[in-house]
Structure formats: structure tokens, C-alpha cells
Amino acid sequence: MTSTLRALIVASGFGAVALAGSAMAQDVKPEAVAFSDSGGIETPVAAQAGSAEAGQKVLTDRKLGNCVACHQVSTLDAPFQGNVGPSLDGVGDRYEPDMLRAIVVNPKKALYDGTIMPGFYTLDVGKHVREDLVGKTILSAQQVEDVVAYLQTLKE
Amino acid sequence: MKTKVILAASVLALFSSPAMLVTAYGDPAEAELSIDGEKIAVTAAAPEGHPFDTLYSGWLYREPETRALEEDSFENPGMFGVEQGAELWSVVEGSAGKSCESCHANPEEDMKGVGASYPKWDADSKRPINIELQIDKCREENMGAEPYKFDAPQQKALTAFIKHQSLGMPVKLDLSEGEMQKWWDQGKEMYYTRTGQLNLSCSNCHEDHSGNMIRADHLSQGQVNGFPTYRLKQSALVSVHNRFRGCIRDTRAEFPKAFSDDLMALETYVTWRGSGLSVETPAVRQ
């Protein structure tokens with residue numbers, strides 16, 4: 001086998017992986033997320049744009065955001081919505097996208113340190129994290145952008 | 001029974017109407033509780049140094065049907081456990097050929113007040129012990145029997161039986177004994193420490209947000225005066241360390257061993273946080 005041929009095979013075989021790899025590489029790692037002076041996060045954390053439809057699912061899924069455990073969204077058809085946090089109705093009017101992103105990524109920085117709301121894309125977490133979750137964020141970068149896209153649709 | 005089903009259905013209807021959610025729930029119910037003619041203090045003035053002014057039993061945060069179950073000893077499913085405990089009292093076990101009854105012939109009298117004052121300083125082990133550990137201590141030292149496994153049905157039944165003898169009596173700890181104060185301090189630190197991937201402390205839910213709805217749960221002050229409680233969700237008596245571990249697990253954290261120093265410190269502190277509330281064992285919760 002010539003070296004050119006071998007290179008070709010390797011290139012085609014790994015093409016898909018390399019592509020996915022480069023898309024991954026563009027996700028901002030949780031420890032590299034930059035907050036602006038006003039407390040927002042201007043650059044999306046995921047390489048791909050968010051999907052509001054996917055974001056809606058993250059809000060209601062207990063294993064994902066489970067946001068409605070604490071928040072209410074009147075247009076959502078989800079049972080047992082909570083009121084630990086404010087209603088998210090009209091939240092797209094109240095905040096610019098960079099602030100919505102910052103609140104979801106780490107509300108301890110975006111809102112205030114003592115808030116009960118968990119940070120969904122941060123490694124700044126509590127003690128004794130369950131072993132299989134150490135070093136992991138609650139949501140992926142893509143899920144954060146999906147949620148941010150959905151929150152922007154919540155206008156009065 | 002029929003009215004209960006209808007009640008439950010209307011509560012469900014309430015939940016499915018989001019507009020009602022915020023207005024329907026919030027503050028603890030304004031209600032009084034007496035069980036078997038015994039008046040139960042479901043509110044109390046907080047002791048000095050407490051973050052709250054008024055303490056509320058978890059009973060006040062439950063739905064009317066759940067509250068009604070606790071009000072009536074004949075309907076309270078937790079009373080089965082208490083009755084089992086009463087039977088176990090006279091069962092001989094271990095190498096010494098003794099039962100609890102051999103040393104405590106009249107549990108209704110001898111055990112009165114006991115359940116209201118634990119955890120207590122144990123000079124032998126130099127740490128606070130709760131009722132469960134006191135039962136184990138008696139089994140090992142006086143009966144020559146094995147300690148129970150954590151949450152063995154007999155352990156829960158005997159604990160419920162002992163605590164039930166203090167029904168209506170105010171919870172009161174003696175923090176001046178031994179090093180109780182040090183353990184209280186350690187428990188307090190735990191109470192305010194955020195754990196897990198969700199980064200939550202006990203105080204986030206039970207102090208900052210008691211009265212709010214988290215999913216289908218009306219958050220209470222997280223009081224322990226009703227333990228072991230009968231949980232409808234689990235159809236069983238639930239011990240206080242089981243409950244603590246459940247709440248810690250929900251923060252997505254590793255949870256401490258039952259009866260570990262961490263959980264004994266937490267039980268000491270959280271019990272103090274309910275000082276003055278009546279013992280309600282076996283309370284009924286959802």
C-alpha cells in the first residue's frame with residue numbers, strides 16, 4: 001500500500017469523527033465561559049444555534065432541566081409546576097439573551113450567590129457530588145442554547 | 001372513603017390548572033390537631049437563636065386528606081407499626097433471655113417523654129445517640145442480641161412505638177450534656193452546606209423556600225417531630241436518617257451512612273430546630 005493510499009483511507013475513515021470533533025471543539029468548555037462586566041454571557045456556549053422546540057423539552061424533563069419543578073410557564077402543558085422561582089411568563093421581555101444564558105449557566109454569578117437555582121453549565125457545584133457526575137454539568141452546551149432559544153419565545 | 005376519593009380528584013384538578021397553583025398554596029394551613037383527645041402543638045415559638053419566629057409542623061403543609069389520616073388513629077396506617085412495636089416489646093431475644101419488657105415493664109409509663117428528648121448524649125460512646133441507637137445499645141448490652149440492620153422493620157416499629165408514648169409532648173433537647181453543643185454546631189454547618197451537582201443545602205429548600213411548591217411537593221420547614229413518619233408514597237414507615245439521605249440524594253450528592261457522625265450531628269441540630277413542637281409519631285406524610 002502506498003503512503004498516499006493509506007493517507008486517503010485514514011482520511012475518509014476518520015472524516016466523520018474529525019468533523020464531529022471540530023464541532024465539539026467549538027463548544028465553550030464550562031470552565032472557559034466568559035461573563036461580561038454586566039454579568040451576561042454574550043457568546044453562545046454551543047457551536048450550533050439553539051432550538052426552541054428542543055429547549056421546551058429540557059424545561060419539562062425531570063432528568064434534564066426540570067425547570068418547571070421551580071418555575072411556572074402558563075403556556076406549557078406540564079403537570080405540577082412549582083413556584084420556588086418566579087413565573088417565566090414574559091421572561092423573554094425582561095432579559096436580553098446574554099442574561100438569560102448567564103442565568104441558566106450559573107445564576108450564582110448572574111443573579112446572586114445565595115440563590116437556590118442550580119447552575120446548569122458550571123463545575124462550581126456543591127460538596128460530595130455523586131461519583132458518576134463528578135466533572136459533569138447538568139446540561140450540555142447545546143441544551144443550554146436550546147433553553148435560551150426557548151426562553152426568548154416567552155414574551156407577553 | 002367516597003368523599004376522600006372526590007377530594008383527591010378535586011386536588012388533582014387544582015394542580016392541572018396552572019393559574020390556581022400560585023394562589024392555592026403558600027402558607028402552612030391554619031388548622032389545629034388533636035389525636036385521641038391529645039392536643040398536638042403544630043406551631044411553636046422558635047427558641048432563641050433560631051432563624052424563624054414561628055415553627056410549623058410538616059402536618060400543616062400537607063393536603064386535607066393527608067392531614068385527616070393523621071388525625072384519626074384508626075385510619076393512620078402508621079399505627080400498624082406502633083402496634084408491631086408493642087408486640088416486639090415482650091419478645092425475648094439474645095443470649096441473656098430477655099426482652100425490652102424485662103427491664104421496662106410498663107412502656108406506656110416508662111417510655112413517656114423519652115421520644116421527646118433524643119438525640120441524647122451517650123457517655124459510653126462519647127456521641128449523641130438517637131432512639132434507634134439506644135434500642136441497639138439495649139439489645140447488645142442488656143439482651144445479648146445483635147443490633148438491628150438500618151431500617152429493619154423491627155427497628156422502625158420499636159422506634160415508632162417508643163416515640164408514640166410521647167405523643168403531644170414538646171420536643172426538648174438537653175444541649176448542656178457532654179459535648180452536645182459541639183455536635184449541634186457541626187449539624188448546623190451541615191444544614192447550610194450546599195451539596196451535590198444541584199448545589200443545594202437543607203436551608204435552600206426548608207428555610208428560604210418553605211411554603212413554596214417544588215413540583216408536587218409543598219415545601220415544609222423539614223421538621224423531624226413526626227418520625228418515623230408513614231409516607232403514603234412508600235406505603236411504609238420512614239426513619240429520619242432515611243429521609244435525610246433521600247433529601248441529600250436529591251441534590252445529586254453521595255449521602256452519608258445511616259447513624260454516621262454526620263447524620264447524628266444533623267439529627268441533633270434539626271431536632272433542635274423543632275423545639276417546642278409536639279411529638280407526632282407516627283406522622284402521616286405524602
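User: Which residue forms a salt bridge with B:Asp261, and how far apart are the closest N and O atoms?

Analyst: In this predicted model, local features need pLDDT of at least 70 and side-chain atom pairs count only at pLDDT 80 or more, while totals for chains, interfaces and linings use all residues, and side-chain values use heavy atoms, with hydrogens and water left out. Residues are numbered from 1 along each chain as its sequence is written, and chains are lettered from A in the order in which they are written. A salt bridge is a side-chain nitrogen of Lys or Arg within 4 Å of a carboxyl oxygen of Asp or Glu; here B:Arg127 is the partner of B:Asp261, with the closest N and O atoms 3.1 Å apart.

User: Which domains does the assignment give for chain B, and how much area do domain 1 and domain 2 bury between them?

Analyst: The size of an interface is often given as the accessible area lost when the parts come together. Domain bounds come from an automatic or database domain assignment, which for chain B gives domain 1 (2–14 + 28–77 + 170–285) and domain 2 (79–164). The two domains of chain B bury about 2400 Å² between them, 63% of it on carbon and sulfur atoms, where buried area is the accessible area (1.4 Å probe) that two parts lose on being put together, summed over both. On the domain 1 side, B:Leu237, B:Phe259 and B:Met264 lose the most area to domain 2, together 24% of what that side buries. Across this interface the rule finds one salt bridge.

User: How many salt bridges does the rule find across the interface of chain A and chain B?

Analyst: The rule finds zero there, although chain A and chain B bury about 2600 Å² between them, 54% of it on carbon and sulfur atoms. In chain A, the residues that lose the most area to chain B are A:Phe80, A:Asn83 and A:Ile116, together 26% of what that side buries.

User: What is the volume of the largest cavity, and which residues lie nearest its centre?

Analyst: Rolling a probe the size of a water molecule over the atoms shows where empty space is left. On a 1 Å grid over the protein atoms alone, a cavity is a set of points where a 1.4 Å probe fits but cannot get out, and lining residues have an atom within 4 Å of a point; a volume is the space filled by probe spheres set on the points. The largest cavity has a volume of about 110 Å³ and is lined by 15 residues, of which B:Lys163, B:Val171, B:Val224, B:Asn225 and B:Thr271 lie nearest its centre. Its lining draws at least three residues from each of domain 1 and domain 2 of chain B.

Note on methods: On a 1 Å grid over the protein atoms alone, a cavity is a set of points where a 1.4 Å probe fits but cannot get out, and a pocket is an open set with protein on both sides within 12 Å along at least five of seven lines; lining residues have an atom within 4 Å of a point.
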